[in-house]
Amino acid sequence: MTTQSSEAMNEQFDRRTLDWYIDKLVEVIVFISGISAIIFVIGIFVFVTMEGMGFLFDSFSFSEFFGSEYWEPSDEDAPEYGILALIAGTASVTGLAMLIAIPFSLGTAIYIAEFSTGKTREYLKVLVELLAAIPSVVWGFIGLTIMNPLIIELFDVPVGLTVLNAGIILGLMAAPIMTSIAEDALKAVPDRYREAAEALGATRWQVIYKTVLPAAKNGLLGAILLGVGRGFGETMAVLMATGHAVNIPGSVFDSVRALTATIAAELGETAVGSEHYQVLFTIGIFLFLITFVINLTADLIVRGIKNQ
Amino acid sequence: MSVEAMPVENLFTESQLNVKNKKIQSLYRVLFLLMTLLLILPVLIILGTLIVKGGSMISIDFLFTDPVNGMTEGGVFPALLGTVFLVSLALLISVPLGIAAAIYLSEYASENWFTRAINLAIINLAGVPSIVHALFGVGAFVMFFGFGTSILAASLTLAIMTLPVVIVSTRESLQAVPHAFREACWNMGATRWQTIRRVVLPNAVSGILTGVILEVSRTTGETAPIMFTGAVFFLPFLPQGVFDQTMALSLHLFVVTTQVPNVPEQLPYAVALVLIGMVLLMNSISIAFRMYLRSKKKW
C-alpha cells in the first residue's frame, strides 16, 4: 500500500521533473536563438574580414585606397585600387536621393500623422507600405528602361544613366521607409501635448510646428539617418541606374559608379583569393563599418528621446 | 461699459492674426498633401506603365514554360520555381529561429545592457547592405562551410538577412498578448514553456503569420544576396536538390534587362510584372490579414 502510493507519488514527481527539464531545455534553446542576431553580426564581420585579410595586411595603403581615384583592377602590370571615385559616386547618389527623400518623406509623414484622418489615413499608410515593398531590382529596371529615355528627352543629354537618374530612383525608394519611421516618431508624441497647445488657441500647423516637431525631433533624425544607411547600402538599383562609370561627378548628368555596385558587378569575374577578390571584400568591410556606425548613431538618437 | 455697446458682429469675426494663421495652416496642409501625392503618384504611374507594356505577355503559358532561344523567348518557369525553392528553404531556417529569438526577447529577457546589445544587433542585421550579406554568404557558406554556390548557401544568406523581419514582427505580436493571460496560467502551476505554448503562442499566432508573409515578400525580391551564393543566369535543367544551383526571378529580371542581347522589348516588363505582382500580392495579403485581426481583437 504505502510503497504503491509512494510510487504513484514518484511518478507524479517524475512527470513534473520532465516538464521542468523541458522548460529548462526551451530556455536554453530560445536563449541561443536570442543571441543569434549578435552571432550573425559578428559572423558577418569575421567572415568578410577573413576573405579580405590578405589584401588588408599585405598591400593595403590607406592613402592609396581612400585617396586615389583610379579604380583599375584589371590592369595586369600595375592594378590600382583607389575607391575615392566610388565613394564620390555613392555619396553623390545618396546625397541627391536624400535631397528628394527627406522633405517628401517628412511632409508625407506629417500629412498622414497630423492632417489626415480615418479611412484616408489608413489608405495612405497601406499605399506607403506597398511602395516600400517594391524590390530594388525592379527599381533598377525602372531606372534603366523608363527614367533613362525620359531624362535623355527632357534634358537633351546623351546619357540618361546618371547621378540624377539613380538619385531620383533611390529617393523614391528610400522615402516610403523613412515615411513609416518618421510617422512612428510623430505618433509617439503624446496627444496631451497637442491638446495643451490647441487649448491655448494654436492652429493645427502651429501645434505641429511648435509642439509636435520639436518633441519628435530625435525620432525624425533617426528616420533620416536610417534612410541614409539604406541609400548607402542599396545595390541593384544603383548598379543599373548610375551608368556604372568610374568617375568623380561634376554635375548630376554625369555617370558614376557606387561602392556596392562595384562589388556586385565584379565579384563574379574575379578568381577566388586573388588580390582583386580581396579588395572587393575590403570594400565590404568598409561598407559594413559605415552602416554599423550610422545604425548605432540612429539607435542612440532614437533612444535619447525615450530616456528623456 | 456694457456688452451691448460692442457691435455684435465683432464678437464672431476673427482677428487679423487668426485669419492669417488659418491661412498658413491651410497652405501647409495643401503643401504636405501635394508632397504625399508627388511621392505616391510617380510610382503608380510607373506601375501602370509596367502593366501596359508587359501585361499582354503575361499568361499561364508565360509562367509555366522554359525560356528558350537564349532567353529571348518563352516563359519564366525555372526562375519562378527557383524563387519558390529559395524562399521556402529560407523560411524553414529563419521562421523557427526568428520566433524562438522573439520568444526569448519578449518572454525571458530582462531590461539590461545584454538585451540592448541583442536589439542593436537586430537593427544592424537589418541595416547591413545586401551586398555585404552576399559577401558574408560567399565567405561563410560557399567557401568556409563548403556548400558551394547552391540553393542551400543562398537560402541561408537570405534567411539571415530577413531574420530581423521575423523577430521584430513576432516580438510585437507576443507583446500584444496581455500580461494577465500569462499570470493566470502561471497561477495554475504551469511552467513558463507551458504558458508560452498553450496561452501566449495561440493568441499571437495570427500576428506571427502576418510577419512571415511580409518576410516572404521581402525575400522574393532580393537579388544581390543570391547573385554569388546560389542563383545563376541560366540553367538548362531544374535543380534536383539543395546543393544544386538555381535560377531566380529577381536575378532573371536583372539578366534579361542588362545581360542578354536582342531581348524583345516587352519581355523584361513582363518579368518585372510577375516579380512585382508576387511581392505586392504577398504584402497585400499580409496587410489585409493584419487589418482583419485588428477588427477581431478581443482584448
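Chain A contains twelve helices and two strands. The model is a predicted one.

The overall dimensions were computed for each chain. The C-alpha trace of chain A spans about 100 × 65 × 35 Å along its principal axes. For chain A the radius of gyration is 26 Å, whereas a compact globule of 308 residues would have a value near 19 Å. The C-alpha trace of chain B spans about 95 × 65 × 35 Å along its principal axes. Of the 308 residues in chain A, 47% are buried; in chain B, 47% of the 299 residues count as buried. Among contacts with a separation of 6 or more, residues 24 or more positions apart account for 72% in chain A and for 76% in chain B.

The contact between the chains takes 72 residues from chain A and 70 residues from chain B. On the side of chain A that touches chain B, 47 residues are nonpolar, 18 are polar and seven are charged.

One helix pair across this contact was examined in detail. Helix α4 of chain A (residues 84–115) packs with helix α2 of chain B (residues 16–54) at an angle of about 120°, and the two axes are 8 Å apart. The crossing of α4(A) and α2(B) is left-handed. From α4(A), the residues involved are A:Pro103, A:Phe104, A:Gly107, A:Thr108, A:Ile110, A:Tyr111 and A:Phe115. They meet B:Arg29, B:Leu31, B:Phe32, B:Leu33, B:Met35, B:Thr36, B:Leu38 and B:Leu39 in α2(B). By class, the contact of α4(A) with α2(B) comprises eleven nonpolar, three polar and one charged residues.

The largest nonpolar core has 183 residues. Those with the most contacts inside this core are A:Val138, A:Ile169, A:Ala237, B:Leu253, B:Ala272 and B:Leu275. Helix α4 of chain B (residues 77–108) supplies the largest share of the core, with 16 residues. With neighbours within four places in sequence left aside, A:Val138 is in contact with B:Leu253, B:Ala272, B:Leu275 and B:Ile276.

Two buried positions of chain B were considered individually. B:Thr246 lies in the loop between α10 (224–227) and α11 of chain B. B:Thr246 is buried, because 26 other C-beta atoms lie within 10 Å, and burial requires 20 or more. Apart from neighbours within four places in sequence, B:Thr246 is in contact with B:Gly82, B:Phe85, B:Leu86, B:Ile151, B:Gly230, B:Ala231, B:Leu235 and B:Pro239. One of these, B:Phe85, is 161 residues from B:Thr246 in sequence, while the C-alpha atoms of the two are 8.7 Å apart in space.

B:Val256 is placed in helix α11 of chain B. B:Val256 has 24 other C-beta atoms within 10 Å and is therefore buried. With neighbours within four places in sequence left aside, the contacts of B:Val256 are B:Met71, B:Val263, B:Leu267, B:Pro268 and B:Val271. The C-alpha atoms of B:Val256 and B:Leu80 are separated by 14 Å, the two residues being 176 residues apart along the chain.

Positive phi values in residues other than glycine were also examined. A:His244, which is not a glycine, has a positive phi of about 55°. The residue A:His244 belongs to the loop between α10 (236–241) and α11 (259–266) of chain A. With 20 other C-beta atoms within 10 Å, A:His244 is buried. B:Asn262 also has a positive phi, near 60°, in a residue other than glycine. The position of B:Asn262 is in the loop between α11 (249–258) and α12 (266–296) of chain B. In B:Asn262 the count of other C-beta atoms within 10 Å is 8, so this residue is exposed.

Key: Residues are numbered from 1 along each chain as its sequence is written. Chains are lettered from A and ligands numbered from 1 in the order in which they are written. This is a predicted model: local features need pLDDT of at least 70, side-chain atom pairs count only at pLDDT 80 or more; totals for chains, interfaces and linings use all residues. A nonpolar core is a set of buried Ala, Val, Leu, Ile, Met, Phe, Trp, Tyr and Cys residues joined through C-beta atoms within 7 Å. A residue is buried if 20 or more other C-beta atoms lie within 10 Å of its own, exposed if 12 or fewer, and partly exposed in between; C-beta atoms are placed from the backbone. Helices (H or I, at least four residues) and strands (E, at least two) are DSSP runs, numbered from the N terminus. Two residues are in contact if their C-beta atoms, placed from the backbone, lie within 7 Å. Ala, Val, Leu, Ile, Met, Phe, Trp, Tyr, Cys and Pro count as nonpolar, Asp, Glu, Lys and Arg as charged, and the others, Gly among them, as polar. Axes are lines fitted to C-alpha atoms, for helices over the stretch in contact, and angles run from 0 to 180 degrees between N-to-C directions. A crossing is left-handed if the near helix is turned anticlockwise from the far one by less than a right angle, and right-handed if clockwise. The radius of gyration is taken over C-alpha atoms; the globule rule is 2.2 Å times the number of residues to the power 0.38.
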